[in-house]
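Here is a short report on packing, strand pairing and ring contacts. Please look over the sequence and the model before reading on.

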Amino acid sequence: MMEECEKGVFTVDFLVSFLWLFFIILFLASMASYRMDYANEERSLTGLRVLMDELAGDINIVLAGGPGHEMTFTLPSNIDGSRYQLWVNSSGVYGIINGRHGKSPIYPCILTDSHGNNRAITLKPGTTYKIKNLRENNRTVIMIEAE
Amino acid sequence: MDKGQITAEYLLILGFIIPALIIGSYLLGDTLELDMAIAAARDGAIQGANMDELAIYPRDAYYEYETGKNVLLQPSSIQIIKIEAIDEGYNETYGKYKIRLIAYAHLEREIPYDYRNSLGDRINYNMRKNICITFKTENITNDFYNPAFSYNYMFTTSDVKWI
C-alpha cells in the first residue's frame, strides 16, 4: 500500500512553484511577443531598403561604367519570409513590403526591358537579372533583362 | 497522511512574499506607471526614428512625400537624445493627470523646417502609440493616439526639438 503511494508523487511545493513560474513565463512571453513582432517587421523593412539600395547602386555603377559594362543581380525569393514587390524606372528603384513603400533614387537614365521598351520594369523575386549599358542611336541605354 | 503536504517554511515564505509584493506594488504603483509610460514613449520614439531612418513608409505618407517632400524618401540618420516629461496638472475633462512629452533628437543632415516636422510627427506618433499599446488603451483614444492614456495619466506631445 505504501509503495503505491510513493510512485509518481508530486509535492504541493513543486506544484505551487510550477504554477507561479508558469504565470511569470506567460506574462513575460506576452510582453516579449510585441517586441518580437516589431523586430521582425523592422528586419524585413531593413532587408527591402538594403535590396533597393544595392540594386540602385549597381544600376549607377553600370551607367557610370560606360557602354559594354554589365552586372548581374539576383533577387531573393522573399525578405525574411515576407513577400515583396520591386520595380525600376528611369528615376529610381521602388519597393513594397508589408504595405510599406520605399524608393532608392538612381541617376536619371533611359531604362529599357529586354525588348527595348522604355518603361517601368517589374522585377520578379527569386530571379537573376542582367543590367547592361548599351549604346543605341547615339544615346546610353540601361537594359535590364532576366537571365 | 503523506499525500498533498506542504511545508510550513514554504507557506511562510509565500505568506511573506505575496503581501510584500501587494504592498510594494501599491506604494510604487504611481511612480512605476509614469516610469513605464516614459520608457514606452522612449521606445516608441526610437521606433519612429528607425522608420524615418529606413524611409519606407505607409502608402499615404509615401505618396505625400513623393509629390512634395522627395528628400524624405531617402534615409535620414536620426538619434533620439532624451524624452522630457512636463507635468501639466490634473485635467478635469479626462479625470487624469496630464503629461506633455517632448522628444529631443539630432538629425545628421540639414533639411527644411517643415520636412523636419514630418520626421518629428512620426516620432511623436510612435511615442503615443507605444504608450497606448503598453497600457492597452488603444480603444479609448483616436486614430492618432492623441492623447495617449495610461491608467492615471494622459499624454500629449509637443514638436520634436532638433538639437
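## Rings, sheet and cores

At 44% relative accessibility, B:Tyr90 is classed as partly exposed; the class lies between buried (under 20% relative accessible area) and exposed (over 50%), using a 1.4 Å probe and protein chains only. This is a predicted model: local features need pLDDT of at least 70, side-chain atom pairs count only at pLDDT 80 or more, and totals for chains, interfaces and linings use all residues. Residues are numbered from 1 along each chain as its sequence is written, chains are lettered from A and ligands numbered from 1 in the order in which they are written, and side-chain values use heavy atoms, with hydrogens and water left out.

**Aromatic pairs.** Over all chains, the structure holds 11 aromatic pairs. Rings of Phe, Tyr and Trp (its six-membered ring) pair if their centres lie within 6.5 Å; planes under 30 degrees apart count as stacked, over 60 as edge-to-face and the rest as tilted. Two edge-to-face pairs are tabulated.

| Pair | Centre to centre | Angle between planes |
|---|---|---|
| B:Tyr62 and B:Tyr63 | 5.2 Å | 85 degrees |
| B:Tyr90 and B:Tyr97 | 5.1 Å | 70 degrees |

B:Tyr62 is buried at 3% relative accessible area. B:Tyr63 is partly exposed at 35%. B:Tyr97 is also partly exposed, at 41% relative accessibility. Ring pairs join B:Tyr90, B:Tyr97, B:Tyr153 and B:Phe155 into a cluster. A charge also meets a ring: the charged end of B:Lys82 sits over B:Tyr104, 4.7 Å from the ring centre. The criterion is NZ of Lys or CZ of Arg within 6 Å of the ring centre and within 35 degrees of the ring normal.

**Helix α2(B).** Helices (H or I, at least four residues) and strands (E, at least two) are DSSP runs, numbered from the N terminus. B:Ala61, B:Tyr62 and B:Tyr65 are buried in α2(B). Viewed down the helix axis, the buried residues of α2(B) fall within an arc of 100 degrees, so they line one face. That arc is taken over directions from the helix axis to the C-beta atoms. B:Arg59, B:Asp60 and B:Thr67 are exposed on the other side of α2(B). Its buried residues pack against β3 (92-97) and β4 (100-105) of chain A, together with β1 (57-58) and α3 of chain B. Contact here means heavy atoms within 4.5 Å.

Five strands form an open, antiparallel sheet in the order β6(A)-β2(A)-β3(A)-β4(A)-β1(B). Strands pair if DSSP finds at least two bridges between them. β6 (121-123) of chain A and β1 of chain B are the edge strands, each pairing on one side only. β2(A), residues 84-89, pairs with β3(A) over six bridges. A:Val88 stands opposite A:Val93. β3(A) and β4(A) also pair over six bridges, with A:Val93 opposite A:Ser104. They form a hairpin with two residues between them; A:Asn98 in the turn has a positive phi of about 45 degrees. In β4(A), five of six residues are buried. β4(A) and β1(B) pair over two bridges. There A:His101 stands opposite B:Tyr57.

**Cores.** Of the 35 residues in the largest nonpolar core, B:Tyr57 and B:Ile123 touch the most other members. Such a core is a set of buried Ala, Val, Leu, Ile, Met, Phe, Trp, Tyr and Cys residues joined through side-chain atoms within 4.5 Å. α3(B) gives the most, six residues. A second, separate core of 29 residues includes A:Leu51 and A:Phe73.
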